[in-house]
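These are my notebook entries on one structure. I set down what I looked up, entry by entry.

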Amino acid sequence: YLDIASTGFDSMVTHLIVPDENGLPNLIQACGGCGLGGNPYREADYDYYVSETIVVNDQKGVAPFILAAIELNK
């Protein structure tokens, strides 16, 4: 399974990590929102997830990316 995980991680780096004007890495295409229920009510369905704002470097994307890097020792 390590080969599959490593290939997936490398693909993320290739397609989702883009350097900024200072050369620092940015994780693009991250979902900027989270949370279900509330008012107005948000349901965990396809429409909810595809309508959320896409942002750069959201902590819900960066943190798992860092943890994956640590696990794969990259």
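I located Asn57 in the loop between strand 4 (54-55) and helix 3. I take helices (H or I, at least four residues) and strands (E, at least two) as DSSP runs, numbered from the N terminus. The model is predicted: local features need pLDDT of at least 70, side-chain atom pairs count only at pLDDT 80 or more, and totals for chains, interfaces and linings use all residues. Residues are numbered from 1 along each chain as its sequence is written, and side-chain values use heavy atoms, with hydrogens and water left out.

I read a phi near 60° for Asn57, a positive value in a residue other than glycine. Asn57 has a relative accessible area of 34% and is therefore partly exposed; buried means under 20%, exposed over 50%, and partly exposed in between (1.4 Å probe, protein chains only). I then followed the side chain of Asn57 to that of Asn26, which it meets in a polar contact of 2.4 Å. For a polar contact I require a pair of N or O atoms within 3.5 Å; within protein, one must be able to donate a hydrogen and the other to accept it, and residues adjacent in sequence count only if both atoms are side-chain atoms.

Asn26 lies in strand 2. I find Asn26 buried, because its relative accessible area is 13%. Which residues is Asn26 in contact with, leaving aside its neighbours within four places in sequence? I list Leu16, Ile17, Val18, Pro19, Asp20, Val56 and Asn57, where contact means heavy atoms within 4.5 Å.

**Entry: Asp20**

I placed Asp20, one of those contacts of Asn26, in the loop between strand 1 (17-19) and strand 2 (25-27). Its relative accessibility is 23%, so Asp20 counts as partly exposed. A polar atom of the Asp20 side chain lies 2.8 Å from the backbone nitrogen of Asn22.

I looked up Gln29 in the loop between strand 2 and strand 3. Phi of Gln29 is near 65°, again positive in a residue other than glycine. Gln29 is exposed, because its relative accessible area is 55%.

I next checked the loop between strand 3 (30-31) and helix 2 (46-51), where Pro40 sits. The peptide bond joining Asn39 and Pro40 is cis, with omega about 5°.

**Entry: helix 3 surface**

I noted a nonpolar surface patch of about 300 Å², made by Ile66, Leu67 and Ile70. Leu67 belongs to helix 3 (residues 59-72) and is exposed, with a relative accessible area of 54%.

**Entry: the whole protein**

I count 3 helices and 4 strands, and along the sequence they follow the pattern α-β-β-β-α-β-α. Why do I call the protein more spread out than a compact globule? Its radius of gyration is 15 Å, well over the 11 Å that the globule rule gives for 74 residues. This radius is taken over C-alpha atoms, and the rule is 2.2 Å times the number of residues to the power 0.38. The C-alpha trace spans about 40 × 35 × 15 Å along its principal axes.

Buried residues make up 16% of the 74 residues. Among contacts between residues at least 6 apart in sequence, I find that 51% join residues at least 24 apart.

Note on methods
Patches are made of residues with over 30% relative accessible area and no salt bridge: like charges are joined within 9 Å, nonpolar side chains (Val, Leu, Ile, Met, Phe, Trp, Tyr) within 5 Å. Accessible areas come from the Shrake-Rupley method with a 1.4 Å probe; for residues, only the protein chains shown count as cover. A salt bridge is a side-chain nitrogen of Lys or Arg within 4 Å of a carboxyl oxygen of Asp or Glu.
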